[in-house]
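This report covers helix packing and the contacts of aromatic rings. The structure is shown first.

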Amino acid sequence: MPSPLDRDDFDVVPINPQRIFQEVANQLRRLISEGKLRPGDKLPPERELAKRFGVSRNTMREALRALELSGLIELRLGATGGAFVLPGSSNAVVAGMRDLYFLGAITPQHLTEARIAVSAAVIRVACERITDEEIDALEANVAAAEQAKKAGDFEERTRHHQAFHVMLARTTHNPVLIATTEGIMEITRQFVKAIGPTDQQDYTHPSRKRLLKHLRARDTEKAVAEMTSALTKLHRGYMINAETPGANAPAPPRPPRDPKPAKARPRAPGAA
């Protein structure tokens with residue numbers, strides 16, 4: 001089966017040695033953005049690509065790895081392996097936010113502000129586009145979370161609670177809102193993992209039921225207000241746990257102390 005790059009309209013330009021692998025990656029990005037390389041397409045072998053671009057195989061390998069890290073291609077091993085163009089994915093966004101979190105650039109306060117702002121945007125779009133079937137799926141998620149709570153399964157309850165936000169974002173059918181929500185929820189997962197379990201979430205189930213009622217009525221302002229209230233309470237609860245972690249919950253790691261002692265503040269893992 002011929003590769004899409006074998007066609008005459010795949011014009012590539014010899015690489016300026018000052019920029020090397022970035023320029024290779026940029027040209028391949030352009031072909032993907034123009035639709036000349038589509039999801040599922042397999043790129044020619046590394047040796048052939050290197051020859052076509054006029055670069056070394058090591059340079060070509062660096063370019064492909066850069067595209068893989070960006071979530072544009074997947075590098076598969078084995079006889080049927082190679083470089084394959086991926087469908088649209090939020091992996092790069094999620095990975096970038098996760099890196100910022102572990103570098104200490106995102107504090108719990110940043111996280112809460114972002115969750116409230118993004119959730120409001122999601123709800124406003126969702127109220128225009130969400131279907132009754134999608135609301136039914138959200139109701140099933142809420143019921144599953146409540147069942148996990150009754151069973152004393154904190155991890156399962158938390159998984160459903162966090163999945164709720166991504167499910168809601170997907171009802172917007174907006175890839176930017178979906179990717180942003182997925183990235184925020186990945187940071188939330190890391191934060192919850194460090195802080196440990198909390199049982200002080202009796203408000204979550206009633207809040208979700210009220211939110212779903214507002215969504216069915218397409219009452220945007222009440223739905224936004226309900227979500228904002230719940231996220232604010234959640235933040236306060238986790239801040240209490242950050243200050244006094246439970247016996248079974250590890251305290252989040254902190255950066256090296258300043259020379260002068262300072263009043264302790266709740267922080268996310270590695271937060272500055």
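The model is predicted: local features need pLDDT of at least 70, side-chain atom pairs count only at pLDDT 80 or more, and totals for chains, interfaces and linings use all residues. Residues are numbered from 1 along each chain as its sequence is written, and side-chain values use heavy atoms, with hydrogens and water left out.

**Helix pairs**

Two packed helices are described by the angle between their axes and the distance between the axes. Helices (H or I, at least four residues) are DSSP runs, numbered from the N terminus. Axes are lines fitted to C-alpha atoms over the stretch in contact, with angles from 0 to 180 degrees between N-to-C directions.

| Helix pair | Axes come within | Crossing angle |
|---|---|---|
| α7 (residues 154-170) and α9 (residues 204-216) | 13 Å | roughly 15° |
| α5 (residues 108-129) and α7 | 9 Å | roughly 45° |
| α1 (residues 21-33) and α3 (residues 57-69) | 8 Å | roughly 50° |

Angles under 35 degrees count as roughly parallel, over 145 as roughly antiparallel, 65 to 115 as roughly perpendicular and the rest as oblique. The angle of roughly 15° therefore makes α7 roughly parallel to α9. The pair α5 and α7 is oblique, and α1 is oblique to α3.

A crossing is left-handed if the near helix is turned anticlockwise from the far one by less than a right angle, and right-handed if clockwise. α7 passes α9 in a left-handed crossing, and the crossing of α5 and α7 is left-handed too. For α1 and α3 the crossing is right-handed.

Contact means heavy atoms within 4.5 Å. From α7, His161, Phe164, His165 and Leu168 meet Thr204, Arg208, Leu211, Leu212 and Leu215 of α9. These residues divide into 5 nonpolar, 3 polar and 1 charged, where Ala, Val, Leu, Ile, Met, Phe, Trp, Tyr, Cys and Pro count as nonpolar, Asp, Glu, Lys and Arg as charged, and the others, Gly among them, as polar.

His165 and Leu168, together with Ala169, also face α5, where they meet Arg115, Ser119, Val122, Ile123 and Ala126.

**Aromatic rings**

A charge sits over a ring if NZ of Lys or CZ of Arg is within 6 Å of the ring centre and within 35 degrees of the ring normal. The charged end of Arg208 sits over the ring of Phe164, 4.2 Å from its centre. Likewise, Arg76 has its charged end over the ring of Phe84, 3.9 Å from the ring centre.

Notes
Helices (H or I, at least four residues) and strands (E, at least two) are DSSP runs, numbered from the N terminus.
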